[in-house]
Amino acid sequence: FSLLIFILAYALTWLFFGLIWWVIAYSRGDLEHLGDHSWTPCVNNLNGFVSAFLFSIETETTIGYGHRVITDTCPEGIVLLLLQAILGSMVNAFMVGCMFVKISQPNKRAETLVFSSHAVVSLRDDRLCLMFRVGDLRDSHIVEASIRAKLIQSKQTQEGEFIPLDQTDLSVGFETGDDRLFLVSPLIISHEIDERSPFWDVSRGQLERDDFEIVVILEGMVEATG
């Protein structure tokens, strides 16, 4: 689809300006004086729509073969030449930018990052921790990978204000630097449930009843494309 849009952006522009070049030649009577050497046309050697289309391509792509060339007796042609040159540069910049963005989108790359199906709360080094696993399936590494987690749930403040989507950071090693990952193999991400954790005062039964969501965000750069 992106390649189709890329092709149509150029083809329709060439056709549009080619039609205008043909209309100018037709309205000035250039097509009626094709063999008249005393007549100065707007564009030399423009004898129909096909040649007008070819001249449009040559103008916008700056090929300039020299067989068809604009003359200085056609002010409307000079204005159109300027417009097509400017618009052609804009189309080039816009379409190259769109294709680069499309190629560098990490959608396919994100499919190779997998998380464990379940998160668990368990003892680790005699400390209660919330843990899950993340892994990278591709051979190319993710550079400067970092991970963070947010707890999203409704909350009511002491003043009685109800916050439907309150966001609380879950520490996954920001203080110690453990949030910086080296994903050469699957890693276990751990959130220690201590006094600073929002789960510190939550019992197991309450944890099963509460309505909340933990969003995990993994950021990094693909080694090959940046």
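## Strands and a hairpin

Two strands pair if DSSP finds at least two bridges between them. Helices (H or I, at least four residues) and strands (E, at least two) are DSSP runs, numbered from the N terminus. This is a predicted model, where local features need pLDDT of at least 70, side-chain atom pairs count only at pLDDT 80 or more, and totals for chains, interfaces and linings use all residues. Residues are numbered from 1 along each chain as its sequence is written, and side-chain values use heavy atoms, with hydrogens and water left out.

Strand E2 covers residues 120-124, and strand E3 covers residues 127-136. The two pair in the antiparallel sense, over 5 bridges. Arg124 has Arg127 in E3 as its bridge partner. The hairpin of E2 and E3 has 2 residues between the strands. There, Asp125 takes a positive phi near 55 degrees.

## Two domains

The protein chain is assigned domain 1 (1-104) and domain 2 (113-222). These bounds come from an automatic or database domain assignment. Between the C-alpha centres of domain 1 and domain 2 lie 58 Å.

## Salt bridges between helices and loop

Side chains of opposite charge can pair when their charged atoms come close. Here a salt bridge is a side-chain nitrogen of Lys or Arg within 4 Å of a carboxyl oxygen of Asp or Glu. The count by this rule is 9 salt bridges.

One of them joins Glu76 and Arg28, at 3.5 Å from N to O. Glu76 lies in helix H3 (residues 75-104) and Arg28 in helix H1 (residues 2-28), so this pair ties together parts that are 48 residues apart in sequence. Glu76 is partly exposed at 36%. Arg28 is also partly exposed, at 22%.

Another salt bridge links Arg68 with Glu58, whose closest N and O atoms are 3.2 Å apart. Arg68 sits in the loop between helix H2 (49-60) and H3, while Glu58 is in helix H2. The two are 10 residues apart. Arg68 is buried, with a relative accessible area of 16%. Glu58 is buried too, at 7%.

## A strand pair and a network

Arg180 forms a salt bridge with Glu144, with 3.8 Å between the closest N and O atoms. Arg180 belongs to strand E6 (residues 180-181) and Glu144 to strand E4 (residues 142-156), 36 residues apart. Both Arg180 and Glu144 are exposed. Elsewhere, salt bridges that share partners join Arg28, Asp30 and Glu76 into one network.

Technical notes
Buried means under 20% relative accessible area, exposed over 50%, partly exposed in between (1.4 Å probe, protein chains only).
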